[in-house]
Amino acid sequence: MNIILIGMPGSGKTTIGKSLALALEMDFRDLDCIIEEETGRSITDIFRESGESYFRDLEEEVCMKASLLENTVISTGGGAVLRQGGITLLKGSGKVVFLDTPVDTIMKRTDFSGRPLLKDDASRIRRLYEERISLYRSYADIVLDNSGNPDETLKNAVNILDRV
Ligand SMILES: Nc1ncnc2c1ncn2[C@@H]1O[C@H](COP(=O)(O)OP(=O)(O)O)[C@@H](O)[C@H]1O
Ligand SMILES: O=C(O)C1=C[C@@H](OP(=O)(O)O)[C@@H](O)[C@H](O)C1
Ligand SMILES: [Mg+2]
């Protein structure tokens, strides 16, 4: 059984995923890191040189492969829900946690320079939220608020996951 974190860019998937894996003694994988390792290119370079649609193809493929992992906390990229095939397979491999962080909080916390969709215009995140919120909700088994401090989020995550 895996735990799959989904949510907006900057919602805390990578940060909370790592500490959740440690707390639950599970493995941890971040899908953006897998893409960077496998291609030898940064996410920024892939977007710039090959475009978003090519990145989404890679992302879907990595979601599909990650669905074969076991006992792993998997942090996705914010757009992993955009391709139905990959996220559906991932969902079949475990519990999906939607990390729900208010956009205003994300904007205060996050350096968007490594996030190509937002690096030139962080306010675009509001439109992304409107476009994606129904997808995040539809794939979620659990909705977890990450507006407080990371320890609080971690404690809530462990408690909720214990009950599902
Ligand atoms: N609960 C939290 N409190 C304060 N800062 C946080 C919290 N969760 C995440 N962050 C910070 O928010 C930023 C985005 O987190 P990150 O894990 O990279 O998000 P994602 O992987 O969803 O894009 C990082 O600077 C991270 O340290
Ligand atoms: O929301 C998105 O479309 C993206 C989110 C990023 O990951 P994070 O959600 O970890 O920032 C990364 O995959 C890429 O920049 C695209
Ligand atoms: Mg991340």
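**Reading a predicted model: terms and values**

Analyst: The residues of each chain are numbered from 1 as its sequence is written, and chains are lettered from A, with ligands numbered from 1, in the order in which they are written. This is a predicted model, in which local features need pLDDT of at least 70, side-chain atom pairs count only at pLDDT 80 or more, and totals for chains, interfaces and linings use all residues.

User: Why does the radius of gyration of the protein agree with that of a compact globule?

Analyst: The globule rule is 2.2 Å times the number of residues to the power 0.38, with the radius taken over C-alpha atoms. For 164 residues a compact globule would have a value near 15 Å, and the protein has 15 Å, so the two agree. The C-alpha trace spans about 45 × 35 × 25 Å along its principal axes.

User: Why is Thr14 called partly exposed?

Analyst: A residue is buried if 20 or more other C-beta atoms, placed from the backbone, lie within 10 Å of its own, exposed if 12 or fewer, and partly exposed in between. Thr14 has 17 such neighbours, and therefore counts as partly exposed. Of the 164 residues, 31% count as buried.

User: What makes Arg115 partly exposed?

Analyst: Arg115 has 19 C-beta neighbours inside 10 Å, so it counts as partly exposed. UniProt, in an unreviewed entry, lists Arg115 under "binding site", together with residues including Thr14; such annotations may be inferred rather than shown by experiment.

User: Which residues does Thr14 touch, not counting residues up to four places away in sequence?

Analyst: Thr14 touches Asp30 and Ser75, contact being C-beta atoms, placed from the backbone, within 7 Å.

How values were computed. Two residues are in contact if their C-beta atoms, placed from the backbone, lie within 7 Å.
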